[in-house]
Amino acid sequence: MLNNKIAVITGGAQGIGAAIARTFADNGARIVLGDLDGARAQEAAAELGVDALGLQCDVVEESSVSALIAAANEAFGPLDIMVNNAGITRDATMRKMSARQFDDVIAVHLRGTWNGTRLAAAVMRENGGGSIINMSSISGKVGFFGQTNYSAAKAGVVGLTKAAAKEVAHLGVRVNAIAPGLIRTAMTEALPAEVLQTKLSEIPLQRAGDPSEVASVALFYASDLSSYMTGTVAEVTGGRHM
């Protein structure tokens, strides 16, 4: 489905980002992974067993994202797909959250997504189009206790996605978002049992999702199957908070 397509994925060394990379690679794409941990990005790229490159990238810094996109162009050609997936958490109640904890999460998720969207769109508009996929979260729709920073950032990603989609649609560039719910990742595995059980009780499908189930939606958005979709948000939540 992605033969000869070039995809750049931030936060691609583990979790959902790595699952998206694997799914894209299995469907014929050439992959460039960016991650704050450059060594881990290189390892993840090597494990794909296809045309893949792993590089250090700090999405907060415009120059770092620009260098990642330039590296993709030098190695494989102009990018066709950009997945803005990099993220962090700094959970705390408002009373205890520091300004630094708030700013760091906003910077990575929101400014990082803006950097990736803006810089990828600049390349895609010159090459007749492309697909940009931004990672939001169900937390941006509902708001979760102890996540004023994360929920604000992920809600912002939705607004950014819709505004950007309107700006670049006439250039053939599509911008969509994915809002995962409870997905089995290292972060989920670390949750206390009682917290995990409470979250599971809110899910009609009665289970956590697998990263591959988010990746398959990313594949849909990246491919021509979604050619008439832009500015949309796909909730991959098992029906949680529908």
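This is a predicted model: local features need pLDDT of at least 70, side-chain atom pairs count only at pLDDT 80 or more; totals for chains, interfaces and linings use all residues.
View 1. Strands β5 (residues 130-135) and β6 (residues 173-180) run parallel and are joined by six bridges.

**View 2. The open sheet of seven strands.** The strand order is β3-β2-β1-β4-β5-β6-β7, with parallel pairing. At the edges lie β3 (52-56) and β7 (233-236), each of which pairs on one side only. On average, neighbouring strands of the sheet are turned by 15° against each other, direction ignored.

**View 3. Helix α2 on the sheet.** Helix α2, made up of residues 38-48, packs on the sheet and touches β2 (30-35) as well as β3. The direction of α2 makes about 175° with that of β3. Strand β3 is also one of the edge strands.

View 4. Helix α9 spans residues 211-222 and lies across β4 (81-84), β5, β6 and β7. Relative to β6, helix α9 runs at about 165°. Ala218 is found in this helix.

View 5. Leaving aside neighbours within four places in sequence, Ala218 is in contact with Ile20, Phe24, Ile133 and Ile178. Val173 is 45 residues away from Ala218 along the chain, and the C-alpha atoms of the two are separated by 15 Å.

Methods
Residues are numbered from 1 along each chain as its sequence is written. Side-chain values use heavy atoms; hydrogens and water are left out. Two strands pair if DSSP finds at least two bridges between them. Helices (H or I, at least four residues) and strands (E, at least two) are DSSP runs, numbered from the N terminus. Axes are lines fitted to C-alpha atoms, for helices over the stretch in contact, and angles run from 0 to 180 degrees between N-to-C directions. Contact means heavy atoms within 4.5 Å.
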